[in-house]
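Subject: Structure for your review

Dear colleague,

Please find below the structure that I am handing over to you.

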Amino acid sequence: MSLFGQDRSFLEALSAQDRRALLAEGVPRVYEPGTVMIRERDTSAYVLALLSGWAVVSVSTERGTRLILALRGAGEVVGDLAAVDQGPRSATVTALGRVRAVSVPGDRFRRFLAARPHATSLIMRQLSTRLRSADVERRSLASETVLQRLSARLAELAERAGSPGPHGTVLEIPLPQHDLAAAIGATREAVAKALRQLRDQHVVRTGQRQVVVTDMKALLHLAQGRAPRPAGPAEKSPPGV
């Protein structure tokens, strides 16, 4: 399961000329943290090309909660599915931090793709990757424990958006507990319990809106469902998130 897109983003995979041509079709936008950039079931069709910042892609559930499907960052496009098939929005996209983007009308985006087979191929590959990820996610929800799913998410965040710190890898994307819960299809209480287990095993440290992975090897073992290692000597950790 993966919160992230392909290693090489859509804008990066375009030629410099095509990238400039696409961005010239739209208008700049700035979204403050927490702003809804695209709303689920809306009938708009614009595409957002992200230039900086992180956005959360989520859907609402029948229980009134939300499930986080993905994180999208600089170089990626969101809203492309509705632009291509002209159907209602399939998910909500919310700015996690401050996001700069270029908004391209759906008809202009379709014309851009029609004139550039390579760009169309990139979009199709992107949609295929998302479908495969969704299949993996369904299997994970059906067969893995909350601890496994949380460990896998934290490992992915550390590998894709982490930076070295004095005690380990600091997660640069500040997901609070309720967002971590939404990212693995669990309750906040279950995530709090799993985080406590990880702290007790000295695998992570947590603080105010911060998670530091102190033992990546152990975290990956837990994500694979392998038995956790015995707890080491008592060690103080910052208060839980």
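The notes below go from the whole chain to its cores and then to individual elements and residues.

Please bear in mind that this is a predicted model.

Overall form

The chain contains 9 helices and 12 strands. The C-alpha trace spans about 60 × 40 × 30 Å along its principal axes. Of the 241 residues, 45% count as buried. Among contacts in the chain with a separation of 6 or more, 72% are made by residues 24 or more positions apart.

The annotated region

An unreviewed UniProt entry places the feature "domain: Cyclic nucleotide-binding" at residues 10–113.

The nonpolar cores

The largest nonpolar core comprises 32 residues, and those with the most contacts inside it are L71, L150, L154, L157, I173 and L198. At least two residues of this core come from each of β5 (66–72), α6 (146–161), α7 (177–184), α8 (188–200), β12 (210–213) and α9 (216–223). Helix α6 gives the most, with 7 residues.

Not counting residues up to four places away in sequence, L71 touches L3, F4, W54, A55, V56, E76, L157, I173 and L175. There is also a second, separate core of 18 residues, which includes V47, V77, L113 and L122. As a general point, nonpolar side chains in soluble globular proteins tend to be buried together.

Helix α4

In helix α4 (residues 106–114), the buried residues are G106, F109, F112 and L113. These residues cover an arc of only 120° around the axis, which puts them on the same side of α4. R111 and A114, on the other side of α4, are exposed.

T94 belongs to strand β7 (residues 92–95). T94 is buried, since its relative accessible area of 15% is under the 20% limit. The contacts of T94 are with G34, T35, V36, M37, W54, A55 and V56.

A13 is part of helix α1 (residues 10–13) and is buried, with a relative accessible area of 14%. A13 is in contact with R8, H118 and L122. The C-alpha atoms of A13 and R160 are separated by 18 Å, and the two residues are 147 residues apart along the chain.

Q148 lies in helix α6. With a relative accessibility of 15%, Q148 also counts as buried. Which residues does Q148 contact, leaving aside its neighbours within four places in sequence? They are L222, A223, Q224 and G225.

Yours sincerely

Definitions and conventions. Residues are numbered from 1 along each chain as its sequence is written. This is a predicted model: local features need pLDDT of at least 70, side-chain atom pairs count only at pLDDT 80 or more; totals for chains, interfaces and linings use all residues. Side-chain values use heavy atoms; hydrogens and water are left out. Buried means under 20% relative accessible area, exposed over 50%, partly exposed in between (1.4 Å probe, protein chains only). Helices (H or I, at least four residues) and strands (E, at least two) are DSSP runs, numbered from the N terminus. The arc is that of the directions from the helix axis to the C-beta atoms. UniProt positions are given in the numbering used here, feature names are shortened, and annotations may be inferred rather than shown by experiment. Contact means heavy atoms within 4.5 Å. A nonpolar core is a set of buried Ala, Val, Leu, Ile, Met, Phe, Trp, Tyr and Cys residues joined through side-chain atoms within 4.5 Å.
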